Amino acid sequence: MKVHHLDLFTMCPVGRRFVNGAGSALARGHLVAHALLIETPSDGLVLVDTGVGEADLRDPSGRLGGAFAWFTGAAKGPTRTALAQVRALGFDPRDVRHIVCTHLDLDHAGGLGDFPWATVHVHHRERSTAEGRATLPERERYRPVHFAHGPKWQTFGASGEPWFGFEAARDLKGLPPEILAVPLDGHSRGHACVAVNTRGRWLLHAGDAIFHRSVVEREAPAMPPGLRVFERLVAFDRAKVGANHRRLAALAEAHGEAVTVFAAHDPVQFERMKAQADAQLR
Ligand SMILES: [Zn+2]
């Protein structure tokens with residue numbers, strides 16, 4: 001299976017020094033939204049996460065909320081959608097038959113409406129939380145406009161053999177066995193990582209279970225303080241976030257040869273993995 005790495009949405013939160021670890025505190029920082037587009041042999045194209053959607057870019061503060069639009073600079077770009085990037089790669093968006101969401105936060109699920117025909121795989125607890133929006137933070141992070149088109153939900157829970165000691169959701173309906181979900185709540189109630197086997201290795205899209213490569217890469221510089229604060233601020237369960245870090249660090253340490261663990265928003269990991277994949281695709 002071929003895997004393309006998409007930077008769907010260049011998030012530019014304020015304070016470069018605090019989110020990137022260097023540079024001016026006044027300059028805008030740089031975070032990516034790292035998504036995958038997978039070419040499967042018989043199940044069409046599969047997207048892992050969707051960034052924000054076309055309609056979000058036309059009306060960032062209306063659809064994403066004023067705070068998010070300001071904090072990330074969503075309106076200022078350069079911003080990209082999954083739909084535009086699928087087309088830019090020469091594919092027909094209709095061939096995106098499945099979307100697997102790590103979770104349904106606005107910066108991961110905003111593009112669902114651009115692929116209304118696709119089956120959307122998500123943890124059942126994430127779907128019910130996003131639809132219930134029971135708390136104030138949940139009303140901020142989950143936007144009803146992103147689900148107004150009535151996604152073709154296909155929910156999962158843990159099922160089948162564990163994966164490197166983690167609970168796993170295998171047999172995602174309609175997807176090949178090389179794609180599975182690894183439920184890991186903490187950032188949100190139904191957050192899951194997504195594992196993809198390509199060229200004999202696993203890529204683990206850790207979503208927002210980690211915000212910075214230093215969690216899984218020993219030689220990386222320490223996590224910038226602003227990012228650490230942000231991660232704690234938006235977490236549903238901070239204790240679980242810490243425990244998840246330790247488990248993913250142990251996975252990377254013990255199985256680094258077989259598994260590459262990456263964060264949705266780390267620009268350094270994105271650039272490195274995209275360059276590697278592009279070299280292989282050539
Ligand atoms: Zn996120």
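What follows is a short chat about the metal site, the aromatic rings and the nonpolar cores of this predicted model.

Biologist: Which residues are the protein donors of the zinc ion?
Modeller: Look for side-chain atoms lying 2.1 to 2.3 Å from the zinc ion. Along the chain, the donors follow the spacing D-H-x99-D-x56-H.

Biologist: What is the arrangement of the 4 donor atoms around the zinc ion?
Modeller: Let's check the angles. Four donors count as tetrahedral only if all angles lie between 85 and 135 degrees. Here the angles run from 85 to 162 degrees, so the arrangement is irregular.

Biologist: How many residues apart in sequence are the parts that Asp208 and His265 tie together?
Modeller: Asp208 sits in the loop between strand S9 and helix H9, while His265 sits in the loop between strand S10 and helix H11. Both are buried, Asp208 with a relative accessible area of 4% and His265 at 3%. The parts tied together by this pair are 57 residues apart in sequence.

Biologist: Is His191 buried or exposed?
Modeller: His191 is in the loop between strands S7 and S8. Buried means under 20% relative accessible area. His191 has 1%, so it counts as buried.

Biologist: What kind of aromatic pair do Trp163 and Phe164 form?
Modeller: Trp163 is buried at 2% relative accessible area, whereas Phe164 is partly exposed at 31%. Their ring centres are 4.8 Å apart, with 80 degrees between the planes. Planes over 60 degrees apart get a name of their own. So this pair is edge-to-face.

Biologist: Which residue has its charged end over the ring of Phe166?
Modeller: Phe166 belongs to one aromatic cluster with Trp163, Phe164 and Trp202. A charged end sits over the Phe166 ring, 4.1 Å from its centre. That end belongs to Arg247.

Biologist: Which element gives the most to the largest nonpolar core?
Modeller: This core has 34 residues, and Leu47, Val96, Ile99, Leu104, Leu112 and Phe115 touch the most other members. Elements giving two or more residues include strand S2, strand S4 and helix H5. With 3 residues, the top giver is H5.

Biologist: How many residues are in the second, separate core?
Modeller: Among its members are Ala168, Val215, Leu248 and Ala263. The size of this second core is 21 residues.

Note on methods:
Residues numbered from 1 in each chain as written. Predicted model: local features only at pLDDT ≥ 70, side-chain atom pairs only at ≥ 80, totals over all residues. Heavy atoms only, no water. Donors = N, O, S within 2.8 Å, 3.2 Å for Na, K, Ca; no water. Tetrahedral: all angles 85-135°; square planar, octahedral: opposite > 155°, others 65-115°. Helix = DSSP H or I, 4+ residues; strand = E, 2+ residues; numbered from the N terminus. Buried < 20%, exposed > 50% of the residue type's maximum accessible area, 1.4 Å probe, protein only. Phe/Tyr/Trp six-rings, centres within 6.5 Å; stacked < 30°, edge-to-face > 60°. Lys NZ or Arg CZ within 6 Å of the ring centre and 35° of its normal. Core = buried A, V, L, I, M, F, W, Y, C linked by side-chain atoms within 4.5 Å.
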